[in-house]
Amino acid sequence: MNRQTAIQKAKTLLAQMTTEEKVAQMVQVPYTYVGREEALRWAKLGAGSFLHVLGEDAQEIQEAALNTRLHIPVIFGIDAIHGHGLNPHATIFPSQLATACSWNPETARIMGEVTAHEVSADGLHWTFSPVLCLARDPRWGRVDETFGEDPMLAGEMAAAIVKGYQGDDLADPDHILACAKHYLGYGEATGARDAYDTECTERKVREVFLPPFKKAVEAGCATIMTAYGSIDGLPLTIHRRILHDILRDELGFTGFVVTDWDNARSLVTRQFVKETIEDAAVAAATAGNDMIMTSVEFYDAMLAALKNGTADLSIVDEAVLHILTIKYEMELFEHPRKQATHTIGCPEHLQAALQAARESITLVKNDGMLPLSETVKTIAVIGPNADDIRAQYGDWTYFSHPMPDPDHIPERPYVTLKEGMESLGAAHGVRILYAEGCNILGTRENISEAVQVARQADAILLCVGDRIEQIGEGKDRANLALSGAQDALFEALSALGLPICTVLLSSKPLCITKEAASNAVIIAFNGGMFGGQAIAEAVFGDLNPSGHLPISFPRHSGQVPVYYSQLPGWHDGAYCDLPSTPLYAFGEGLSFTTFAFSGLTFDPNTLSLTLKVSNTGSRSGIAVVQVYVRDLVSSILTPVKRLIGFTRVPLEVNQTETVQLSFSRSDFELINANCESVLEPGQFTIMAGPSSKDEDLLTCTFTLS
Ligand code: BGC
């Protein structure tokens, strides 16, 4: 339904609602938390939304809601974060971080679309995704949920996944609402302590954290989730400037805002800025939260405040209008249950997950060991994450929160690395041996057995990483070194003198500083159902890796932050006991072929860039061209380089392509000390190449007036 009609209908309905019915629309009830009986009671009261209900349970709630006086349907939200993973039969994609390694927005769009098809096949309407926080401090527990450290890359992936979730029309029965979260600055909490304060100015908020949300809003994202934390001491939950003035007046957002889990009550119980739930309810609604997740006390508190005059009904009216308008735009009244035609876990969806996993494989070192040569007849697959599907999935599936079912037998199909190596090994005539070596959490270790197994092989594939006990909310890490005996395992294996390839299967960058001495290093992150297969394909050379890192890797926990877009300063940013460079840089990623970049030109009149990329190696591959800018002299410090464009270029052997990219003046703007977006005339350097490393980049300097 078009927006204008939806607004009209919402206004008409609002005029018929009692105050109680209005306030109930603002309540989002946590199904698993309150239980079925209580959930049904809320449905009869007219609660606007429920979260974490699947399948038939959701339909029971919906029927209760439709039996109320005004028959207003409920909207069901779910955390379908990398696939509809809380449903054990669903297709599980790589994590957002792994997907970002593809530098391919189309992959994010497809992941969103397949997820939408599966969520709607479950009768649900809305996913709390994507996460648009930036992961600039890898100690944070939720790095896996992000598209990495860069605002531009995250913004492009965000716009694409939002389109994938929502399709072209909110009323499409096969698509669902997206929710850009967590607004704002949440990934930058001080010390990477989840949900704590972000020590940050509005200028920096605008320069770094706002851009991906702007892209999501431009892509039509229907909902936004408020962050847990605070910025410079003011909780986002009551930050009207950010939730209302910037979001609605500046970015032009027209959907509805939902708080994060229990944000309203946390104003009293965790952040101590409100004395009573009544004060908290009024403040949260006044600041611009339309829907209140989980803090169901909001209902009584808001009604009391309206009665005693501490809140104005216009606040409630505005919020309910936002919610009802989206419900009408979705044609929820006509179709309270999604009527999707797609099947959860169908072959087409599984194929999309496999393709996404392939594109996520990022090769950061290779001395020629990979692809395995024909002389390798036996390979030892070693390591704690080589055969652990829970680790491969990472967070937000049926094994982890919020509906943890850790004892659930993992549902097929999925392929661990060991299994992928076994099936491809059979096809290539290579024998696969296996030993765990040690576990991740340091409670089990059998290095000598692993060494015995490896001795019988011609090469070693070592798979290290983390697991779900070390990932997610409240699981920030002070120490980014590999846990348990993983480093010792590597040292014992490398002492054998055999070729060794290390695979990092983890939620985020870990300090694999020792393992970097391996002959080859693959960063796989959480590859979803077919992560193991994709890695095995790369090892055997059936897949030519094309992933590039969306995040920088520190050498040591004490080196963070190491994101590439640092501000300039003294001493090269180095500690006296470490090189100034990261272990692996943003944008890095190798191929089994080689690419040459040449002939960079930039026309300051048309703001267009040209360069040539050639495949100079011996097999076809995909180059990722990255374009960075540096403002040479500016009124305020600007980053030493900042990504402003990228494109993937598939190239056959000996093929050369001319790449042309166009920019707009806004790509060269900075946020000045007055928080204004301005282009300051002067010289700029454009850099283009296959990574953010200086030595990989062609440069060209020009003047903008
Ligand atoms: C998380 C959100 C999530 C919500 C609902 C919160 O704890 O921060 O990202 O969508 O729970 O599960």
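Residues are numbered from 1 along each chain as its sequence is written, and side-chain values use heavy atoms, with hydrogens and water left out. Because the model is predicted, local features need pLDDT of at least 70 and side-chain atom pairs count only at pLDDT 80 or more, whereas totals for chains, interfaces and linings use all residues.

The chain is assigned domain 1 (3-329), domain 2 (360-560) and domain 3 (595-704), with bounds that come from an automatic or database domain assignment.

Around the ligand there are 14 residues, of which Asp79, Arg142, His182, Tyr228 and Asp260 come nearest; a residue belongs here if one of its heavy atoms lies within 4 Å of the molecule. By class, this shell has seven nonpolar, two polar and five charged residues, where Ala, Val, Leu, Ile, Met, Phe, Trp, Tyr, Cys and Pro count as nonpolar, Asp, Glu, Lys and Arg as charged, and the others, Gly among them, as polar. Polar side-chain atoms lie 2.6 Å from an oxygen atom of the ligand in the case of Asp260, 2.7 Å in the case of Lys181 and 3.1 Å in the case of His52. Taken alone the ligand exposes 310 Å², and the protein buries 96% of that (Shrake-Rupley method, 1.4 Å probe).

Between domain 2 and domain 3, whose centres over C-alpha atoms are separated by 34 Å, seven residues of domain 2 are in contact with eight residues of domain 3 (heavy atoms within 4.5 Å). About 490 Å² is buried between these two domains, with carbon and sulfur atoms giving 41%; buried area is the accessible area (1.4 Å probe) that two parts lose on being put together, summed over both. Asn544, Ser546 and His548 supply 84% of what domain 2 buries against domain 3, more than any other three residues.

How values were computed
Polar contact = N/O pair within 3.5 Å; in protein donor to acceptor, adjacent residues only side chain to side chain.
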